[in-house]
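Thanks for coming, everyone. Let me put the structure up, and then we will walk through a few parts of it.

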Amino acid sequence: MAKNDFKQVQDIGFKSLIESFKKYTGASRENIIKGIGDDASVSKQNAGKLTCTSSEIFMEGVHFDLTYTPFQHLGYKVVTAAVSDILAMNAEPEQILVDIAIPNKYSVQMIEQLYQGIDAAANDYNVNVSGGDTTASHQILAISVTCIGNAEKDSVIYRDGAKKDDIICVTGELGSAIAGLRILLREKKSWQENPEQQFQPDLSSYEHVVQRQLLPKARIDFFQSLMNSDVKPHCLIDLTQGLVADLSEVLKQSGVGAEIYSPAVPISLEARNVADEMNEDVDKYAFYGGEDFEMLFTLPEPLVEKFKADFDDFIVIGKITEADKQLTVNTGEEHNYQIDL
C-alpha cells in the first residue's frame, strides 16, 4: 500500500466507513429480504414469517464509563439498545445472545451485577437470553448483544417508506439522555479535580435525565399499541443517533425531504434546566444528542388522530416534503434554516 493510500477512520468518519461496508455482502441468499441499511436485517422463514436480527456493541471508554455507570444499569442498557432495533422494524423481540470480553480488573461480583441487569431487561421485554460467548480482555470491558425477533410478512416497517405529505411523529421526549450525560461528565470532572473527595454527588435534582442516560427503556409499549391497531406507519426508526441523523437516514433512503417545526420537538423541563445550567442550546440536545431510544415514524395525515386513540405518547413535529427541499428547520420565527443531509 502506498503511503498516500493510507487513511485513518477519522479522515472519512464512521458514517462514510459504514457506507463502504455495504458492498461486502458475501453470498446472495434468496431468503434475505433486507440486509445492511436498516435497524435490523430481515430474512424470510416458513409460513410467511420474517426474522429480524440486529446487534449492538458497547466498548468501555467509548460507549460507557464505569466511573458513573453501575454494572446493573449497563447490562440493562445494552439489552435495551438491541431490543429497540427490533421494535423499530415493528417486529417482536424473542431472544438475545450476549458476547462479552472481560478484563481481570473486574470481579466476579461486578460481572454478575452486569448479568443481573441483562436479566432484568430480558424479563421486562419478554426475551430469552439464549447464548453468547465469553472471553478474556487485556484492558477494557466489551459487550455485544444480538437480538432476534419475528414478524408477519406484511408487518415489518422499513426506514425507506416515508411519502410526500406524510406527518412526522416522535414518541416520548428527546434530549434528556444527553442532558443526563452532561451532568454525569460534569460531576466526574469535579471529582477528578478533587480526587481526595468521595465521589458521591447529589444527583437528586437531575434524577430524570440521569435515568434517561443510564437506564433507558425501549418503547415496547409503542410496538404493542401498533400490534393492537389497524394503523401502520409508512416508515419507522428508533432515535439513537439524534433526531437530525436518524431523520436524515429516513429522508435519504425514502428519497424525500422534510420540514420540522422545532418548537414542537418534545423536550422535558428537566433537560431544559440542564441546558440552562450549562449555558447550552437545548434544541441541540434534541437534534444531535442521541440515545433517547424513542421512535420516529410517519403517517398519512388522516391516520394521526386515529392512532392517537390507540397510543397517545407521541407528538407531530413536521411533514415530509419534496426531495429537493432537504431537511428544513422551521423555528417559528423568521430565520428558518436547512440542514445538509
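Let me start with a definition. Rings of Phe, Tyr and Trp, the last by its six-membered ring, pair if their centres lie within 6.5 Å; planes under 30 degrees apart count as stacked, over 60 as edge-to-face and the rest as tilted. The structure holds eleven aromatic pairs on that basis.

Two notes on the source. This is a predicted model: local features need pLDDT of at least 70, side-chain atom pairs count only at pLDDT 80 or more, and totals for chains, interfaces and linings use all residues. Residues are numbered from 1 along each chain as its sequence is written, and side-chain values use heavy atoms, with hydrogens and water left out.

Back to the rings. A pair of aromatic rings is described by the distance of the centres and the angle of the planes. Take Phe222 and Phe311. Their pair is edge-to-face, at 5.5 Å centre to centre with 75 degrees between the planes. The pair links distant parts of the chain, 89 residues apart. Phe222 sits in helix H6 (residues 220-227), and Phe311 in the loop between helix H10 (301-308) and strand E11. Helices here are DSSP runs of H or I, at least four residues, and strands are runs of E, at least two, numbered from the N terminus.

Phe222 is buried, at 0%. Phe311 is buried too, at 6%. Ring pairs also join Phe222 and Phe311 with Phe297, Phe307 and Phe314 in a cluster.

Next, the sheet. Two strands pair if DSSP finds at least two bridges between them. Seven strands form an open sheet, in the order E8-E10-E7-E11-E9-E12-E13, with mixed pairing. Strands E8 (235-239) and E13 (337-339) stand at the edges with a single partner strand each, so one side of each has no neighbour in the sheet.

Look at E7, residues 167-171. Five of its five residues are buried. Ile167, Cys169 and Thr171 point one way, and Ile168 and Val170 the other. E7 pairs antiparallel with E10 (residues 294-299) over four bridges, and Ile167 stands opposite Leu299. With E11, E7 also runs antiparallel, over five bridges. There, Val170 stands opposite Ile315.

E8 and E10 run antiparallel, joined by five bridges. Leu236 has Phe297 of E10 as its bridge partner, and Phe297 belongs to the ring cluster. E9 (residues 257-261) pairs antiparallel with E11 (residues 314-321) over four bridges; Glu259 partners Lys319 there. With E12 (residues 327-330), E9 pairs in the parallel sense, over four bridges. Ala258 partners Leu327 in that case.

Last, two helices. At what angle do the axes of H4 and H5 cross? The axes of H4 (residues 176-193) and H5 (residues 207-214) come within 7 Å and cross at roughly 100 degrees. Axes are lines fitted to C-alpha atoms, for helices over the stretch in contact, and angles run from 0 to 180 degrees between N-to-C directions. That makes H4 roughly perpendicular to H5. Angles of 65 to 115 degrees count as roughly perpendicular, under 35 as roughly parallel, over 145 as roughly antiparallel and the rest as oblique.

Conventions
Buried means under 20% relative accessible area, exposed over 50%, partly exposed in between (1.4 Å probe, protein chains only).
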